[in-house]
Amino acid sequence: MQDLGIKVLFQGRNFIRLLEGLWVTVRISLIAVIISIVLGIVLGMIMTSKNPAIRILTKTYLEFIRIMPQLVLLFLVYFGMTKAFNINLSGETSAIIVFSLWGTAEMSDLVRGALISMPKHQYESGMAIGLNTVQVYKYIIIPQTVRRLVPLAINLVTRMIKTTSLIVLIGVVEVVKVGQQIIESSRLTVPSAALWVYGVIYFLYFGVCYPISLLSAKLEKRWNS
Amino acid sequence: MDYEFINDIISLYIEAGILTFRIALLGIVGAVVVGLLCSLIKYYRVPVLQKIVGAYIELSRNTPLLIQLFFLYFGLPKIGIMLSSESCAIWGLIFLGGSYMAEAMRSGLEAVADIQVESGLSIGLTDFQVARYILLPQAITVSVPAFLANIIFLIKETSVFSAVALADLMYVAKDLIGLYYKTDEALLVLVLSYAVILLPISAVFTIAERKLRYAGFGN
Amino acid sequence: MDKEKALLEIEHLKKSYDSNIVLKDISLDIHKGEVVVVVGPSGCGKSTLLRCINGLEDIQGGDILLNGEIISNRKRNMHLVRQKVGMVFQSYELFPHMTILENITLGPVKAQKRNQSEAVSEAEELLRRVNLIDKKDAYPRQLSGGQKQRVAIVRALCMHPEIMLFDEVTAALDPEMVREVLDVMLGLAREGSTMVIVTHEMQFARAIADRVVFIDSGEIVEENTPSIFFTNPDTERARQFLNIFEFDAVKGVKNK
C-alpha cells in the first residue's frame with residue numbers, strides 16, 4: 001500500500017495539468033462573478049421598487065433560482081436548452097449562463113438588503129447639514145452601502161468557485177476531470193493515485209477559497225464593527 | 001411531451017426522492033450535533049480542541065462538497081477505508097454541514113451578552129446551569145434563521161450525491177436522458193421533484209422565522 | 001467576640017488587567033447590617049471592586065473574606081459563595097426569555113434546590129412589597145426600566161443573601177424612575193440589610209449610608225461618615241470631586 005502514490009503528481013506534466021484544470025474552474029467562476037455583480041447591482045436597485053408587478057416578477061425569479069439546486073439548473077440549461085432550442089451549448093457556456101443567473105439572484109438580494117437596511121436618519125442627518133440629494137448619496141449612502149456589500153460580494157466569489165466544481169458532472173474538462181485522467185492512466189503503475197490526486201485537488205480548492213474568505217472576514221471586521 | 005412516459009417514471013423519482021430525503025435527514029441531524037459541539041468548544045475556548053475545530057471549520061467551508069465526496073469515495077479505499085455510496089453521502093453532508101451549523105450556533109452564542117452570563121453566575125448558578133438555562137435558550141433563538149437557511153442549503157447540496165453513484169434524483173434524471181433521450185420529461189419531473197421537497201420546507205421556515213422575529217419574548 | 005468580626009473583609013486587594021492597574025491596595029471591612037456607599041469618578045475602579053467581591057473578576061493580590069473564609073480566586077464552588085452575595089447590575093440583566101416569576105425563582109430552585117412552591121410564594125411576597133405582583137407573568141421587555149430594576153433587586157433578595165452589592169443601579173434609568181428604585185433600597189436599609197452601593201446619586205448616598213468610601217485612581221482616598229464627607233470632607237481630592245455636582249448660577253447673580 002505504501003507505494004508513494006504522491007509521485008504520480010510529479011510524473012510528466014501532471015501537476016501543471018491539474019493547475020490548468022483548476023484555472024478552467026476559476027476562469028468560469030470569475031466571468032460569472034463579474035456578470036453577476038454588474039447585473040446584481042442593477043437588479044438589486046430595481047428590486048427596491050414599490051411597483052407590485054416588478055416585485056412579483058423579481059421575487060419569482062429570485063425564489064426559483066435559489067430554491068433549485070445549482071446542479072438542477074445546470075442540467076436544465078445544458079440538456080434542456082440543447083433540446084428545446086436545438087442549439088448546442090458547450091458545458092462551459094452552460095456553466096457561465098447558469099452561474100451568472102444564480103449569482104445575479106444572490107447579488108441582487110445582497111444589494112437590496114444593503115440598500116433597505118440604511119436607516120432613515122442617515123438620509124435625514126445628511127440633509128440636516130445642508131447636503132443635496134446627490135451629495136447625500138455620494139458622501140453618505142453609497143460609501144456605507146459599499147462597505148456592507150463588499151465583504152458579502154467577496155464571500156459570493158468563494159461560493160461561486162465552490163459551486164463551479166459541479167461542471168465536471170456536465171463533462172467540462174476541469175481540475176477533477178484532469179485528475180480522473182491522471183488516475184486512469186496510472187491505474188496500473190500507481191494504484192493509490194486516487195487518494196493523492198483527490199487529496200491534492202481538495203487542497204487546491206482550499207488554497208483558492210481560503211485566502212478569499214480571509215479577505216472577506218477581514219474587511220467585514222474592519223468595516224462593520 | 002410524453003405524458004405516458006412521465007407516468008411511468010414518476011415512481012422512480014419518488015423512490016429516489018425518498019432516498020435523498022432520508023440521507024438529508026441523517027446528514028442534517030449529524031451536522032447539528034457536530035455543529036453544536038464545535039460551537040461550544042469555540043465559545044468556551046477549550047484549549048487545543050478549539051484549534052482543531054477552527055481548522056476543521058475552515059477546511060470544510062472552503063472546499064466543495066463534490067470534492068469532499070470524491071475524496072471519501074475514491075480516495076479513502078486506497079488506504080483500506082471502504083465506504084458505501086450512502087455512507088459517503090451521509091459523512092460528506094455531516095462534514096460539510098457541521099461547520100455551517102457551528103458558525104450559525106456560534107454567532108448565536110456570541111450574541112448573548114457576557115453580562116447575562118455574569119448575571120446568571122451572580123445568583124449562584126453553576127457554569128453548566130448558566131449554559132442550560134440562560135446561554136443556550138437565548139443563543140438558539142438568535143441562531144434559528146441561519147440554522148433554517150443551512151437546512152435548505154444542505155438539502156440542495158444533496159443533489160451532487162449522484163457523483164458517487166447514489167441513485168438519487170439527479171441520477172435518475174441523468175439515466176433517463178442517457179437511456180431514452182427523454183430530456184424534457186426527465187428534466188420537468190426533476191424540477192418538480194425538488195420543488196415538491198423544498199418549497200413546503202422553505203414556506204414553513206419563512207413563516208417560522210417571521211413569527212420568531214416579531215414575537216420575541218412576551219409580545 | 002464574633003460580633004466584632006466583619007462580615008466581609010477585603011485585605012490589600014490588587015486588581016489589574018495586564019499592565020493596567022485598576023485597584024491598587026484596597027482594604028475595607030463591612031459589618032453585618034452596615035450600608036457602605038462607594039463613590040468616585042468614572043473609571044476609578046469602584047464597579048470593579050464589586051465585581052471582585054462577587055468573583056466575576058480574578059484578583060492579582062490580597063484576599064477577600066466572607067465570614068472569615070477566603071472567597072477570592074476560588075476555582076471550585078464559587079457558585080455557593082455567590083448564593084450568599086447578591087448583585088444588582090446597572091443594566092438590570094433580567095433574563096429576556098423568562099417571565100418575571102421565572103427570573104426570580106431560577107436561582108432559589110436551580111441553584112439552592114429549594115422547593116418550587118415555597119420559592120414561588122416567597123417571590124410573590126417580595127413582588128407584592130415592590131408593587132409588581134401584577135407583572136409576575138409578564139416578560140422583562142414589557143416592563144419599564146424602573147420596574148425591571150426592582151425585579152432585579154427582588155431576584156437577588158430571594159436568594160437570602162448575606163450581603164447585597166448594587167452597581168450603579170439607577171445610572172441607566174430615566175430620572176422619573178430613579179426614585180422608585182431608591183425607595184426599595186431605603187426600605188432594605190431600614191430592615192438592616194448589609195449593602196455595598198456604588199452610586200452617583202449623592203443625595204441618596206447621604207441619606208442611606210452608614211459610611212462613605214471615596215475611591216480615586218484605584219485607591220481609597222477617604223472613608224468617613226456621610227455627614228462629614230458631604231459637608232466638610234477631610235481630603236482635598238474628595239472636595240474637588242464633590243464640587244463636580246455643584247453648579248453656580250451663571251447669569252443674573254452678581255456679587256453673591
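Two strands pair if DSSP finds at least two bridges between them. Strands (E, at least two residues) and helices (H or I, at least four) are DSSP runs, numbered from the N terminus. The model is predicted: local features need pLDDT of at least 70, side-chain atom pairs count only at pLDDT 80 or more, and totals for chains, interfaces and linings use all residues. Residues are numbered from 1 along each chain as its sequence is written, and chains are lettered from A and ligands numbered from 1 in the order in which they are written.

**Exercise 1. Trace the pairing around strand E4 of chain C.**

Solution. Step one: E4(C) (residues 61–66) pairs with strand E1 (residues 8–17) of chain C in the antiparallel sense, over 5 bridges. Within this pair, Leu66(C) is the bridge partner of Leu8(C).

Step two: E4(C) is also joined to strand E5 (residues 69–70) of chain C by 2 bridges, again antiparallel. Here Leu66(C) stands opposite Glu69(C).

Step three: the hairpin of E4(C) and E5(C) has 2 residues between the strands, and Asn67(C) takes a positive phi near 50°.

**Exercise 2. Describe the open sheet of 6 strands in chain C and the helix that packs on it.**

Solution. Step one: the strand order is E6-E7-E8-E3-E9-E10, with mixed pairing. Strand E6 (85–88) and strand E10 (219–224) of chain C are the edge strands, each pairing on one side only. From one strand to the next the twist averages 20°.

Step two: strand E3 (residues 35–39) of chain C runs parallel to strand E9 (residues 211–216) of chain C, and 4 bridges join them. Val36(C) has Arg211(C) as its bridge partner in E9(C).

Step three: helix H9 (residues 236–243) of chain C packs on the sheet and touches E9 and E10 of chain C. The direction of H9(C) makes about 95° with that of E9(C). For such angles, axes are lines fitted to C-alpha atoms, for helices over the stretch in contact, and angles run from 0 to 180 degrees between N-to-C directions.

**Exercise 3. Characterise the fold of chain B.**

Solution. Step one: chain B has 8 helices and 0 strands, so that its elements read α-α-α-α-α-α-α-α from the N terminus on.

Step two: the C-alpha trace of chain B spans about 70 × 50 × 20 Å along its principal axes. Of the 219 residues in chain B, 45% are buried (20 or more other C-beta atoms, placed from the backbone, lie within 10 Å of the residue's own).

Step three: two residues are in contact if their C-beta atoms, placed from the backbone, lie within 7 Å. Among contacts in chain B between residues at least 6 apart in sequence, 78% join residues at least 24 apart.

**Exercise 4. Which elements of chain A and of chain C touch chain B?**

Solution. Step one: 30 residues of chain A are in contact with 31 residues of chain B. Helix H3 (70–85), helix H6 (133–164) and helix H8 (193–223) of chain A each give two or more residues to this side of chain A. H8(A) provides the largest share, 11 residues. By class, this side of chain A has 22 nonpolar, 6 polar and 2 charged residues (Ala, Val, Leu, Ile, Met, Phe, Trp, Tyr, Cys and Pro count as nonpolar, Asp, Glu, Lys and Arg as charged, and the others, Gly among them, as polar).

Step two: the contact of chain C with chain B takes 24 residues from chain C and 19 residues from chain B. Helix H2 (78–82), helix H3 (100–111) and helix H5 (145–157) of chain C each supply at least two residues to this side of chain C. H3(C) gives the most, with 4 residues. This side of chain C divides into 11 nonpolar, 8 polar and 5 charged residues.

Terms used
Buried ≥ 20, exposed ≤ 12 C-beta atoms within 10 Å, placed from the backbone.
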